[in-house]
Amino acid sequence: MSSRKTIVAPSILACDFSKLGAEVERVTSAGADWIHCDVMDGHLVDNISFGPAIVEATSRHTNLPLDVHLMIERPDIYVPRFAKVASSITCHVEAPHDISKTLQAIRDANCLAGLAVSPPTPLEMIRPYLGRFDILLVMTVNPGFGGQPFIPEMMEKVSTAVEWRDREGVDFHIEVDGGINVSTAETSIAAGANILVAGTSVFKASDAGAEIADLRFS
Ligand code: DX5
Ligand code: ZN
């Protein structure tokens, strides 16, 4: 069980984009800790979502930290455009870029640096970068779309990451993303995750405040 404080990060991918500002304000008042922004380029993943302009617009409707998840092939090129408003920026280990350089560029821009691993990718792929990132993002669905079912086998990656963190004496958050609801949040926290990304479960809840509280204490 992780002793870290649980951070709940609603993903705006599940919001009503026709009223983005009001949606961001709604989950901010409902008690969210961070706002998660899913950026997709149609290359690394099979969907296109939004870019820096929408992330900047989001920043104008909340004081919460913006957690930017770049599902794009060349995060190295785009980091400076998101760093203006982001608190954390996560790139994918599967993307064709110089990962150490990108992580350092994110830190140099005064953001927390995140490294994400998709379900088919072995956790071993992130091992060379231990100590170079502040957040490990374990994808619990195949990235690209909200509303997919949680893949429970990914919990092994979370537990292994906890072991590596203890053994190597490095420090990083462990974030889970995809299919997070009260039940899968409990499973994830038990495995060692402390940041919960939740799109559908928060934005489609009848009471977002109650949902966020339930996620936090699951
Ligand atoms: C998937 C995104 C997730 C997604 C989560 O590619 O990274 O952040 O929006 O959505 P839900 O909570 O609906 O699975
Ligand atoms: Zn995400």
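Trainee: Which strand does Val8 lie in?
Mentor: Val8 lies in strand E1; helices (H or I, at least four residues) and strands (E, at least two) are DSSP runs, numbered from the N terminus. This is a predicted model, where local features need pLDDT of at least 70, side-chain atom pairs count only at pLDDT 80 or more, and totals for chains, interfaces and linings use all residues. Residues are numbered from 1 along each chain as its sequence is written, and side-chain values use heavy atoms, with hydrogens and water left out.

Trainee: Is Val8 buried or exposed?
Mentor: Val8 is buried, because its relative accessible area is 0%. Buried means under 20% relative accessible area, exposed over 50%, partly exposed in between (1.4 Å probe, protein chains only).

Trainee: What does Val8 touch?
Mentor: Leaving out residues up to four places away in sequence, Val8 touches Ala32, Asp33, Trp34, Leu196, Ile212, Leu215 and Arg216. Contact here means heavy atoms within 4.5 Å.

Trainee: OK, strands. How many bridges join E1 to E8?
Mentor: Four bridges join E1 (residues 7-10) to E8, and the two run parallel. Two strands pair if DSSP finds at least two bridges between them. Ile7 stands opposite Ile195 in E8.

Trainee: And which way do the E8 side chains point?
Mentor: Ile195 and Val197 point one way from E8 (residues 195-198), Leu196 and Ala198 the other way, and all are buried. In a regular strand the side chains alternate between the two faces of the sheet.

Trainee: What joins E8 on the E7 side?
Mentor: Three bridges join E7 (residues 173-177) to E8, again running parallel. Ile195 in E8 is the bridge partner of Glu175. E7, helix H6 (residues 182-191) and E8 make a right-handed β-α-β unit. Right-handed means that, with the strands pointing away from the viewer, the path from the first strand over the helix to the second runs clockwise.

Trainee: How many E6 residues are buried?
Mentor: Five of the five residues in E6 (residues 135-139) are buried.

Trainee: New topic: how many residues has the largest nonpolar core?
Mentor: The largest nonpolar core has 63 residues, and those with the most contacts inside it include Val68, Ile89 and Phe133. Helix H5 (residues 155-168) gives the most to this core, with five residues. A second, separate core of five residues includes Ile7, Ala9, Trp34 and Ile195. A nonpolar core is a set of buried Ala, Val, Leu, Ile, Met, Phe, Trp, Tyr and Cys residues joined through side-chain atoms within 4.5 Å.

Trainee: Is Asn110 buried or exposed, and why?
Mentor: Asn110 is exposed, because its relative accessible area is 73%.

Trainee: Last one, where is Thr184?
Mentor: Thr184 is in helix H6. Thr184 counts as buried because its relative accessibility is 11%, and Thr184 touches Phe150 and Gly179, not counting residues up to four places away in sequence.

Notes:
Chains lettered and ligands numbered in written order.
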